[in-house]
Amino acid sequence: MKLAVTGSNGLIGKCVVTLALERGHQVVGIDWTPKPNIENDRYTFVQTDLHDYEAAKKSLEGCDGVIHLAAIVVGGYEANCHNSNVTMSWNVLRACSELRINRVAQASSVNVITLYFAAKRVFEYFPIDEEHPCRPDEPYGLSKLFCELQADSLVRRFPSMRIASLRPHWVVPNKEFALQRDELRSKDDLFAYVKQESIADAFLLAVTDESGRWSGHEAFIIAAPTSAVRKDSKELMETYWPGIRVKEGKNMSGNASFFDCSKAGKLLGWVHQD
């Protein structure tokens, strides 16, 4: 496939580009920063501003699938973070519908729930899955929730489109890196992480899989199946989140993750690789 990767010079973007080329795809890297040093006959680069709809549309012409990663990630309460992310997502998704690019994946975030940037964290149950209520109180998480709503709208209007909104957790080079994080700080992320090669694999599966297991727009939580703390997860729950119930049919014993990624496994065939 000929795949466009927006935000191709970012942490996840670089991993997606590398893995896509390794798997034989033709790749168009799209970013507002200058061209990276990638020597590959199947790689081309477009430097552009995705806030401009016509520029975004032109950069995607001729592609079979799009992986949209370009975004601003910031805490606090900055308006530009929200406005930029919503605008870029709309421009990319709407351009795909006009160009009849029907295989799209975009980067959402686990921050659509009240997580790291939130003023107050409210959890209804563990492990958290895609059915958990999304009530962000800060601009980054809110922007990602709007990006998902935009995808809902577009697949209603253009039913041939298939859009995956991936909600990755903290992206790290390896589990050992994640384990070095302080426990008190890690609690605000619910002790989770995802290895960078594994999130790249999830994005590629979302646009290249033709198993027919899903259609329309779907959100997927992407995180490792184990926590980034060497403690029993039940003990961590009792220490930091007492009173939160365990969802029926689930188990938080051992080093179990506070996030349930079984949907990504079932529909995308994704398996986290440590």
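Predicted model: local features only at pLDDT ≥ 70, side-chain atom pairs only at ≥ 80, totals over all residues.
1. Helix α3, spanning residues 79-99, and helix α4, spanning residues 139-157, have axes that come within 8 Å and cross at roughly 20°. Because angles under 35 degrees count as roughly parallel, α3 is roughly parallel to α4. The crossing in which α3 passes α4 is right-handed.

2. By residue class, the contact of α3 with α4 comprises 11 nonpolar residues, six polar and one charged.

3. Ser89, which lies in helix α3, has a relative accessible area of 0% and is therefore buried. The side chain of Ser89 is joined to that of Gln150 by a polar contact of 3.3 Å. When residues up to four places away in sequence are left out, Ser89 touches His68, Gln106, Cys147 and Gln150.

4. Val86 is likewise found in helix α3 and, at 15% relative accessibility, counts as buried because the cut-off for that class is under 20%. With residues up to four places away in sequence again not counted, Val86 touches Ser143, Phe146, Cys147 and Gln150.

5. One further separation may be noted for Val86: its C-alpha atom and that of Lys120, a residue 34 residues apart from Val86 along the chain, are separated by 23 Å.

Definitions and conventions. Residues numbered from 1 in each chain as written. Heavy atoms only, no water. Axes fitted to C-alpha atoms, helices over the stretch in contact; angles between N-to-C directions. Helix = DSSP H or I, 4+ residues; strand = E, 2+ residues; numbered from the N terminus. Parallel < 35°, antiparallel > 145°, perpendicular 65-115°, else oblique. Left-handed = near helix turned anticlockwise from the far one by under 90°. Nonpolar A, V, L, I, M, F, W, Y, C, P; charged D, E, K, R; others polar. Buried < 20%, exposed > 50% of the residue type's maximum accessible area, 1.4 Å probe, protein only. Polar contact = N/O pair within 3.5 Å; in protein donor to acceptor, adjacent residues only side chain to side chain. Contact = heavy atoms within 4.5 Å.
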